[in-house]
Amino acid sequence: MASDGQEYLHQSLGQLKKPHGCIVTIFGASGDLTKRKLIPALYNLALEKKLPERLAVVGYARSEMSHEAFRDKMREAVQEFSRTGLKDQAVWEQFAATLYYVRGGYDEADGYQSLKEFIDGFDRNSRVPPARVFYLATPPDLYGPVVERLSATGLAPREADGEGRARVIIEKPFGTDLQTARELNRRVHDVLDESQVYRIDHYLGKETVQNIMVFRFANAVFEPIWNRRYVDHVQITAAESVGVETRGGYYEEAGVVRDMFQNHLLQLLCLTAMEPPVGFNPDAVRDEKGKLLKSVRAIAPEEVASSAVRGQYGPGQIGDQKLPGYRQESGVHKTSPTVSYAALKFYVDNWRWEGVPFYLRSGKRMAKRVTEVAIQFKRPPLLLFKSHALDNVNPNVLVMRIQPDEGVSLTFEVKPPGSEMVVSPLSLDFNYEEAFGSGSPEAYETLLEDCIEGDSTLFTRHDWVEAAWALTDPIIQVWNLSKPKSFPNYAAGSWGPAEADELMQRDGRRWRKP
């Protein structure tokens with residue numbers, strides 16, 4: 001059951017009318033993303049009657065597979081990975097009847113021709129031309145070739161009228177640096193209008209991330225103090241307790257800045273700090289996010305040492321469980337300099353946030369899995385309490401928890417009962433699951449539904465992607481030129497390297513330990 005706030009947000013964010021028909025084609029249909037996220041998400045949308053009346057879901061990959069074999073494989077995926085399990089056999093049978101499979105290479109004309117014949121046949125039986133959604137769940141080096149083939153075969157013609165009946169969802173990473181992101185944008189824009197391109201960041205589909213906007217702009221009590229006059233600093237944390245697991249090869253190329261900062265953490269920064277949009281529609285929301293990101297002061301190469309900290313986890317222990325270091329993980333080089341932890345300090349150079357530092361951190365194998373945004377307000381003047389020597393009054397902190405314990409808390413000072421004048425911190429705490437139950441849609445459900453309906457609000461625009469790379473590229477380049485001598489510099493199961501604590505201590509602050 002969605003909350004009133006969640007329902008309000010979904011209606012307000014430019015939600016369009018559900019199309020009568022849609023054909024969803026998944027490139028990379030034999031991969032993990034399809035079975036773990038995409039098909040379970042579509043099944044859950046079917047369960048909640050949120051899909052178009054006329055639907056086809058086409059898996060496209062190199063493997064040989066019949067329609068029936070694909071359906072059997074996807075049934076197992078839904079049973080294992082859907083948040084609802086295989087809840088309703090009748091719904092599954094109806095949904096399974098919409099699943100099809102086309103075999104083809106990603107840069108071969110024959111496969112695309114077979115796909116075109118299938119889709120054209122589906123279109124011919126429709127009273128109204130159905131929407132076409134193409135999901136690129138492929139390795140990133142195939143994004144450009146697949147988009148160009150879709151255009152060349154007429155599957156996704158350019159539509160500059162804003163309707164965008166043919167829509168292409170592109171997974172992250174969108175490029176590996178500013179240059180490759182610009183080149184990919186150029187290749188995509190050569191054949192598609194920007195309105196047809198849906199760059200996905202699954203963080204934006206999380207209910208609690210969307211609720212940052214509702215929390216800020218639907219509550220008059222907070223917005224007046226959401227500025228430099230009252231806020232001391234902001235901490236944005238995305239900590240993971242797991243290591244790289246089976247993704248060692250990918251992580252050796254990516255590292256934490258490409259994997260987490262260039263997309264997820266900068267998105268959270270924008271939602272936390274942006275100005276109110278003129279309306280909850282795609283262009284208005286994305287315009288404000290773009291303006292905010294362009295206001296973030298870039299960390300110059302000579303400032304990286306004082307404004308950025310890097311780390312790599314070594315062996316550690318949580319309880320009785322011994323944890324390997326990064327260099328002991330599968331697929332990782334034994335002397336790897338790859339960064340698995342980073343802490344960055346940014347400033348936003350605009351009227352609202354001038355002088356307020358934003359501290360961002362993310363890392364693997366940390367003490368706890370948690371993603372949160374913490375707004376720490378300035379300490380009050382203590383003149384009133386001088387006669388009572390109250391010099392330890394804590395500042396108010398507002399925490400928006402993204403995962404796993406979704407909710408909002410506000411700490412404040414109170415006087416406990418008794419004759420002495422002492423103060424003690426207490427917390428007002430709101431928990432989403434307690435309030436609304438655990439049936440909230442997963443991120444991919446929200447994002448797939450929005451794309452089918454033609455709502456791009458929660459997707460990333462080309463200018464935002466390039467601005468994000470412009471902020472993170474200089475840091476990566478400096479670190480690539482000066483190999484770390486201290487790696488590993490934090491134990492698995494800890495809160496990161498001592499240098500990150502020193503980054504805060506130099507400013508007279510300290511990291512939260514959620």
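**A buried helix and its surroundings**

A: In helix H10, the buried residues are Pro282, Ala284, Val285, Arg286, Glu288, Lys289, Gly290, Leu292, Leu293 and Ser295. The model is predicted. H10 covers residues 282–295. Of its 14 residues, 10 are buried, so the rest of the structure largely encloses H10. Buried here means under 20% relative accessible area.

The span of H10 holds no surprise. From first C-alpha to last, H10 reaches 20 Å, close to the 20 Å expected at 1.5 Å a residue.

What covers those buried residues? The cover includes helix H8 (207–217), H9, strand S12 (341–347) and H14. Two of these names, H9 and H14, come up again at a cavity.

The structure holds 5 cavities of 30 Å³ or more. The largest cavity has a volume of about 120 Å³. Its lining has 14 residues, and the closest to its centre are Lys172, Phe174, Asn263, Thr460 and Val465. Helix H9 (248–273) and helix H14 (462–481) are the elements that give two or more residues to this lining. H9 supplies the largest share, 3 residues. By type, the lining of the largest cavity divides into 6 nonpolar, 4 polar and 4 charged residues.

Next, a strand for comparison. Strand S7 (residues 231–239) has 8 of its 9 residues buried, so S7 too is largely enclosed by the rest of the structure. S7 pairs with two strands. With strand S14 (residues 370–377), S7 runs antiparallel, joined by 8 bridges. Threonine 237 has glutamate 372 as its bridge partner in S14. With strand S13 (residues 357–363), S7 runs parallel, joined by 6 bridges. There, alanine 239 stands opposite glycine 363.

Of its 22 lining residues, Gln376, Asn394, Pro395, Val397 and Arg510 are the closest to the centre. The elements that give two or more residues to the lining of this pocket are S7, S14 and strand S16 (407–414). The lining of the second largest pocket divides into 6 nonpolar, 7 polar and 9 charged residues.

Notes
Residues are numbered from 1 along each chain as its sequence is written. This is a predicted model: local features need pLDDT of at least 70, side-chain atom pairs count only at pLDDT 80 or more; totals for chains, interfaces and linings use all residues. Side-chain values use heavy atoms; hydrogens and water are left out. On a 1 Å grid over the protein atoms alone, a cavity is a set of points where a 1.4 Å probe fits but cannot get out, and a pocket is an open set with protein on both sides within 12 Å along at least five of seven lines; lining residues have an atom within 4 Å of a point. Grid points are joined across faces, edges and corners, and a volume is the space filled by probe spheres set on the points. Helices (H or I, at least four residues) and strands (E, at least two) are DSSP runs, numbered from the N terminus. Ala, Val, Leu, Ile, Met, Phe, Trp, Tyr, Cys and Pro count as nonpolar, Asp, Glu, Lys and Arg as charged, and the others, Gly among them, as polar. Buried means under 20% relative accessible area, exposed over 50%, partly exposed in between (1.4 Å probe, protein chains only). Two strands pair if DSSP finds at least two bridges between them. The expected span of a helix is 1.5 Å times one less than its number of residues. Contact means heavy atoms within 4.5 Å.
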